[in-house]
Amino acid sequence: MVNFDTRELPREKWDFVILGSGIAGLYTACAASRLGYRSVVLTKHTLVDSNTDKAQGGIAAALGDSDSPALHLQDTLAAGAGLCDAEAVDILVNEGPQRVRELIAMGARFDQQNGELALTREGAHSRRRILHAAGDATGAEIQRVLNEKVSLDPLIAVREEHFAVDLLVRENTCYGVLAHDRRENNLKVFYGRAVVLATGGLGQLYEHSTNPRVATGDGIALAYRAGAEVMDMEFLQFHPTVLSLPGVPRFLISEAVRGEGAYLRNRYGERFMPRYHELAELAPRDVVVRAILKEMADTAADKVFLDLSHLDAEMVQARFPTISRTCAGYGLDITRDPVPVAPAAHYMMGGVKTNLDGETSIRNLYACGEVACQGVHGANRLASNSLLDGLVYGGRIVERVRVVAGADSECPVFTGRDLAEPVEMDVARLRAEIQSVMGKYAGPVRTADGLQKALGFFEQWSRLEGHRAVDAEEMEVRNMLLVGRLVVQAALIRTESRGGHYRRDFPETRACWRQHVILRR
Ligand SMILES: Cc1cc2nc3c(=O)[nH]c(=O)nc-3n(C[C@H](O)[C@H](O)[C@H](O)COP(=O)(O)OP(=O)(O)OC[C@H]3O[C@@H](n4cnc5c(N)ncnc54)[C@H](O)[C@@H]3O)c2cc1C
């Protein structure tokens with residue numbers, strides 16, 4: 001997206017160049033350090049701007065007496081609607097407990113009850129297996145511990161306000177990353193023996209999203225531009241219960257609230273989920289989302305309500321302090337008042353295709369966490385499996401690099417000088433347009449007609465190709481254009497409904513579609 005010549009830029013050389021400072025990126029850096037590798041973590045804003053920091057409900061691991069990895073596997077496969085890679089899930093559920101114990105050893109303080117880890121249950125889990133911290137602030141606790149670890153580790157350097165622009169790839173081998181340092185307003189080159197994408201999700205492609213502003217799908221755009229394969233881009237999870245008050249930022253009301261017994265009611269106060277699924281409020285998320293949308297349409301409302309008034313008020317306050325506090329700030333007492341909620345974009349099941357060791361289709365380029373797709377989530381993620389996924393597959397990347405990393409090689413020169421002058425545009429307006437198009441045509445309910453309209457919108461912006469971007473804001477929005485197009489293309493190709501992908505014109509799941517959509521430039 002920019003003209004450059006690596007010989008003219010500041011250059012650094014590391015063992016691991018890690019993009020992203022959420023659980024996947026920071027844990028990978030810690031694991032690499034334990035083996036004596038030096039890592040640099042580039043993150044486009046501050047260390048804590050991540051989906052990880054926002055995670056509420058918890059992290060799943062089969063640690064309870066009545067639980068086992070086999071049961072966790074069964075639940076994950078069932079939620080994945082026929083598209084999970086069973087081997088990838090097997091690794092997740094078997095290696096997960098050990099990685100979580102490591103987090104505890106690093107200092108993560110998960111909630112306890114009577115001296116034991118307090119485990120809760122969430123949607124589509126057959127057992128209580130969700131560890132949580134400070135009630136509903138699990139992600140912040142994990143982020144705190146990892147931030148502390150990397151800050152104290154002499155083998156890890158963190159570079160905030162560094163926006164990864166593009167991967168440096170030649171003959172299908174990745175040598176490093178071109179990044180833009182926002183503070184100094186210049187380009188820099190980071191060469192690495194291994195480059196790890198840990199850039200998280202893409203919720204910001206939608207106006208209504210639980211994700212923070214940084215979640216714009218950059219890693220997928222970088223990988224795709226460099227020629228890597230991306231997979232399952234049509235599978236996006238919308239969270240059913242996001243606070244919906246006029247003029248108030250979208251705020252997630254964790255699934256754990258329903259796990260503790262909250263009901264969903266329509267505007268007439270009717271509890272509707274038992275009509276839609278035998279698990280009622282704890283049905284898979286896509287089922288709950290569509291049930292809510294149907295109730296909203298049937299009752300001409302733009303929201304439904306979570307009702308916790310029948311639950312013990314003290315338990316509610318103790319278990320969900322962040323949610324209680326946030327809602328109280330908007331004048332809602334969650335122990336008494338119905339909490340208005342609506343679905344919003346939440347989690348990307350698809351992403352950069354990797355094998356079971358986190359290797360992408362480009363040599364020396366790895367991916368883990370939400371940006372990656374090794375098939376653990378299939379067509380729909382089981383709640384609280386994503387934090388775990390970042391740990392397990394981040395750890396596996398380091399193990400793999402230990403085996404395959406060859407001797408330190410020369411850093412080749414990369415240049416790009418052919419881009420024409422920037423196209424004048426209003427970046428903020430384009431961002432809003434993308435969000436509106438995605439919400440309208442590539443949301444929880446899709447049709448060929450709508451998806452074609454969205455594709456038309458994205459194609460009209462292909463005129464930016466061949467022109468350089470003015471700044472990181474423009475690069476980010478151009479990543480959103482690319483990734484939005486990939487979601488729409490994959491959603492058009494899949495002529496069925498499955499997991500997080502629902503086509504009104506193809507409402508059934510079709511056996512012939514028990515396969516992945518893989519896109520490559
Ligand atoms: C509100 C909310 C609640 C959630 N609750 C749970 C839960 O209870 N349990 C669970 O398992 N999951 C939960 N999730 C999902 C989970 O938080 C994420 O899937 C997980 O944290 C992703 O971790 P990650 O490390 O892959 O990415 P992130 O934590 O999103 O980190 C990505 C990092 O990449 C950086 N980055 C992005 N692009 C660039 C670029 N171009 N250059 C440099 N840096 C870049 C970002 O700044 C960020 O630091 C929740 C998500 C949200 C939003």
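1. Two strands count as paired if DSSP finds at least two bridges between them. Helices (H or I, at least four residues) and strands (E, at least two) are DSSP runs, numbered from the N terminus. With that in hand, have a look at the open sheet of 3 strands, which runs in the order E4-E8-E7 with antiparallel pairing. E4 (59-60) and E7 (119-120) are the edge strands with a single partner each, so one side of each has no neighbour in the sheet. E7 is joined to E8 (residues 130-131) by 2 bridges, and Thr 120 sits opposite Ile 130 in E8.

2. A word on the basis of all this. The model is predicted, so local features need pLDDT of at least 70 and side-chain atom pairs count only at pLDDT 80 or more, while totals for chains, interfaces and linings use all residues. Residues are numbered from 1 along each chain as its sequence is written, and side-chain values use heavy atoms, with hydrogens and water left out.

3. Another open sheet has 4 strands in the order E20-E18-E13-E22, and its pairing is mixed. Here E20 (372-373) and E22 (518-519) stand at the edges, each with a single partner strand, so one side of each is left without a neighbour in the sheet. E13 (residues 230-231) runs antiparallel to E22, with 2 bridges between them; Val 230 faces Leu 519 in E22. Helix H6 (residues 218-225) lies across E13, E18 (351-353) and E22, at about 40° to E18. Contact here means heavy atoms within 4.5 Å.

4. Now for a helix pair: H12 (residues 427-441) packs on H14 (residues 472-493) at about 15°, with the axes 10 Å apart. That makes H12 roughly parallel to H14, a label given to angles under 35 degrees. Axes are lines fitted to C-alpha atoms, for helices over the stretch in contact, and angles run from 0 to 180 degrees between N-to-C directions. The residues that meet include Leu 430, Ile 434 and Met 438 in H12 and Val 477, Met 480 and Leu 481 in H14.

5. Lastly, salt bridges (a side-chain nitrogen of Lys or Arg within 4 Å of a carboxyl oxygen of Asp or Glu) come to 45. One of interest to me joins Arg 417 and Glu 8, whose closest N and O atoms are 3.1 Å apart. Arg 417 is in the loop between E21 (415-416) and H12, and Glu 8 in the loop between E1 (4-5) and E2 (11-19), so the pair ties together parts 409 residues apart in sequence.

Note on methods. Angles under 35 degrees count as roughly parallel, over 145 as roughly antiparallel, 65 to 115 as roughly perpendicular and the rest as oblique.
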